[in-house]
Amino acid sequence: QVQLVESGGGSVQAGGSLTLSCIASGQTYSRYCMAWFRQVPGKEREGVAGIESDGRKTVSDPVKGRFTISEDNAKNTLYLQMNNLKPEDTGMYYCAAAPRLCYYNIGVVGAGDVDDWGQGTLVTVSP
């Protein structure tokens, strides 16, 4: 399995920015890719942004143009740069890893495709 630890969440005013980080460690027996998901109480955990095996980066429609996913492979670290935050972006953000994330756009993957999760980092955006 892969161990994932997120950081960088916090409380910001609408229009502000945050950068989330996820450090991965541990061994895997197959290649995997990483992504960011978010969840609010009472709703399903949904994909926000992902990086496929060829390096293609995709983001979900609600955050398109505002969020950017990136990675530093040498540091085993995944990032999510969030700009122009809106109150509806509020939620718990999770780092995710799985082989299936290498093959599909973040818009079509679900939480069931994920093998390993981070503990989550809370993002709160006030009006």
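**The interior: cavity, cores and disulfides**

Guide: A search of the whole structure finds one cavity of 30 Å³ or more, where a cavity is a set of points on a 1 Å grid over the protein atoms alone at which a 1.4 Å probe fits but cannot get out. This is a predicted model, in which local features need pLDDT of at least 70 and side-chain atom pairs count only at pLDDT 80 or more, while totals for chains, interfaces and linings use all residues. Residues are numbered from 1 along each chain as its sequence is written, and side-chain values use heavy atoms, with hydrogens and water left out.

The largest cavity holds about 30 Å³ of space, a volume being the space filled by probe spheres set on the grid points, which are joined across faces, edges and corners. Its lining, meaning residues with an atom within 4 Å of a point, consists of Ala 35, Gly 50, Ile 51, Glu 52, Thr 58, Leu 101, Tyr 104, Ile 106 and Val 109. By class this lining divides into six nonpolar residues, two polar and one charged; here Ala, Val, Leu, Ile, Met, Phe, Trp, Tyr, Cys and Pro count as nonpolar, Asp, Glu, Lys and Arg as charged, and the others, Gly among them, as polar.

From the cavity we can turn to the packed side chains. In soluble globular proteins, nonpolar side chains tend to be buried together. A nonpolar core is taken as a set of buried Ala, Val, Leu, Ile, Met, Phe, Trp, Tyr and Cys residues joined through side-chain atoms within 4.5 Å, with buried meaning under 20% relative accessible area, exposed over 50% and partly exposed in between, for a 1.4 Å probe and protein chains only. The largest nonpolar core has 24 residues, and Trp 36, Leu 80 and Met 82 are those with the most contacts inside it. Two or more residues of this core come from each of strand 3, strand 4, strand 5, strand 7, strand 8, strand 9 and strand 11 (121-126), strands being DSSP runs of E of at least two residues, numbered from the N terminus. Strand 3 gives the most to this core, with four residues.

Leaving aside residues up to four places away in sequence, Met 82 touches Gly 16, Ser 17, Leu 18, Leu 20, Arg 66, Phe 67, Tyr 93 and Val 123, a contact meaning heavy atoms within 4.5 Å. A second, separate core has ten residues, including Cys 33, Phe 37, Ile 106 and Val 109; of these, Ile 106 and Val 109 are also named in the lining of the largest cavity.

Cys 33 is joined to Cys 102, with their sulfur atoms 2.1 Å apart. Because Cys 33 lies in strand 4 and Cys 102 in the loop between strand 9 and strand 10 (116-117), the pair ties together parts that are 69 residues apart in sequence. The torsion about the S-S bond of Cys 33 and Cys 102 is about 105 degrees, so this disulfide is right-handed, and both Cys 33 and Cys 102 are buried.

The other disulfide joins Cys 22 to Cys 95, with an S to S distance of 2.1 Å. This pair links distant parts of the chain, since Cys 22 is in strand 3 (residues 18-25) and Cys 95 in strand 9 (residues 91-98), 73 residues apart. Its S-S torsion is about -80 degrees, so the bond between Cys 22 and Cys 95 is left-handed. Cys 22 counts as buried because its relative accessibility is 0%, and Cys 95 is likewise buried, with a relative accessible area of 0%. With bonded cysteines counted along the chain, the disulfides follow the pattern 1-3, 2-4.

Notes: A disulfide is a pair of cysteine sulfur atoms within 2.5 Å. On a 1 Å grid over the protein atoms alone, a cavity is a set of points where a 1.4 Å probe fits but cannot get out, and a pocket is an open set with protein on both sides within 12 Å along at least five of seven lines; lining residues have an atom within 4 Å of a point.
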